[in-house]
Amino acid sequence: MEYGSSIRTGLAALASVSLLAAGPAVAESAEGERADYTEMSAEELANHLIFEKEGFDLDEETQEGTTVRERLKQDELQKTCSALEGGDIDTETAEKVREMARENMEYPEGGIELGDWERGQEIAENAFGFRVGHKVDDHGEEETGGMCINCHEMESAKSHRSGTIGPSLANYGKDRGSGESIVRFAYEMIYNPHVNFPCTKMPRLGANGILDKEKIQDVLGYLFDPESPVNQ
């Protein structure tokens, strides 16, 4: 699942704040080796704190029935993209990633339909699900969400609390219509965006089980329904 980088980045940020408050950013390992945190990148610091200093309980149980340690293991698609180290993707690698994405792409039986836009709005603004720690999220009591608004502007009226990592989706259906091809494209972008954009930063919300097919179709309703605030 797309959680490893988030956990590492979060711990790295927390560590940076702690170090600023504590003063010298040097620590000694169990073997007596000294590590200078100021010489590390955010990723190196996170890896150091998690795996070398054991600053996070990697045996913590997760909602999907595994452990944090298992969740942090990259699958083949993630390894392929990580190997690029942030550089441009070449044609051969792009096709390899697309093929892996196609292998686990699933579509609703009977075709893709637009769901309930009001429920889709709730899903797009809901951050609940798959968090680990002293109190693991109970998916039996509260539904998981996609938190689309964290990366995208969905409604113009809510731009002040919308993320900018991804493109604005305001007026999405109004500007593009709701033809079969664009609806299918939007579904794929939510389910497994690597089919269209290999090594994108967008998470695989459907392929990783964060959103099921029904929820994705509700988000599609939110994007395309003329009555949705997205298109006002």
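Glu99 has a relative accessible area of 37%, so it is partly exposed; buried means under 20% relative accessible area, exposed over 50%, and partly exposed in between (1.4 Å probe, protein chains only). Its side chain meets that of Arg102 in a salt bridge, at 3.0 Å from N to O. The term stands for a side-chain nitrogen of Lys or Arg within 4 Å of a carboxyl oxygen of Asp or Glu. Arg102 is partly exposed too, with 37% relative accessibility. Both residues sit in helix α5 (residues 91–103), three residues apart, or about one turn of the helix. Helices (H or I, at least four residues) and strands (E, at least two) are DSSP runs, numbered from the N terminus.

A word on the model before we go on: it is predicted, and local features need pLDDT of at least 70, side-chain atom pairs count only at pLDDT 80 or more, while totals for chains, interfaces and linings use all residues. Residues are numbered from 1 along each chain as its sequence is written, and side-chain values use heavy atoms, with hydrogens and water left out.

## Other salt bridges

The structure holds 14 salt bridges. One of them pairs Glu188 with Arg184, whose closest N and O atoms are 3.3 Å apart. These two are four residues apart in helix α8 (residues 180–191), so about one helical turn separates them. Elsewhere, salt bridges that share partners join Glu125, Glu155, Lys158 and Arg161 into one network.

Glu143 is partly exposed at 43% relative accessibility, and so is Arg119, at 22%.

## The loop between α6 and α7

Asn126 also lies in the loop between α6 and α7, and its relative accessible area of 17% makes it buried. The side chain of Asn126 reaches the backbone nitrogen of Phe128 at 2.8 Å. Leaving out residues up to four places away in sequence, Asn126 touches Glu142, Glu143, Thr144, Gly145, Gly146 and Met147; contact here means heavy atoms within 4.5 Å.

Met147 belongs to this loop as well and is partly exposed at 28%. Its phi is near 50°, a positive value in a residue other than glycine. Asn171, found in the loop between α6 and α7, has a positive phi too, near 65°. For context, most residues other than glycine have a negative phi.

How many disulfides does the structure hold? There is one, formed by Cys81 and Cys199 with their sulfur atoms 2.1 Å apart; the cut-off is a pair of cysteine sulfur atoms within 2.5 Å. The torsion about the S-S bond of Cys81 and Cys199 is about -90°, so this disulfide is left-handed. It links distant parts of the chain: Cys81 in helix α4 (residues 76–82) and Cys199 in the loop between α8 and α9 (213–224), 118 residues apart. Cys81 is buried, with a relative accessible area of 16%.

Cys151 is in no disulfide. Cys148 counts as buried at 14%, and Cys151 as partly exposed at 25%.

How values were computed. Polar contact = N/O pair within 3.5 Å; in protein donor to acceptor, adjacent residues only side chain to side chain.
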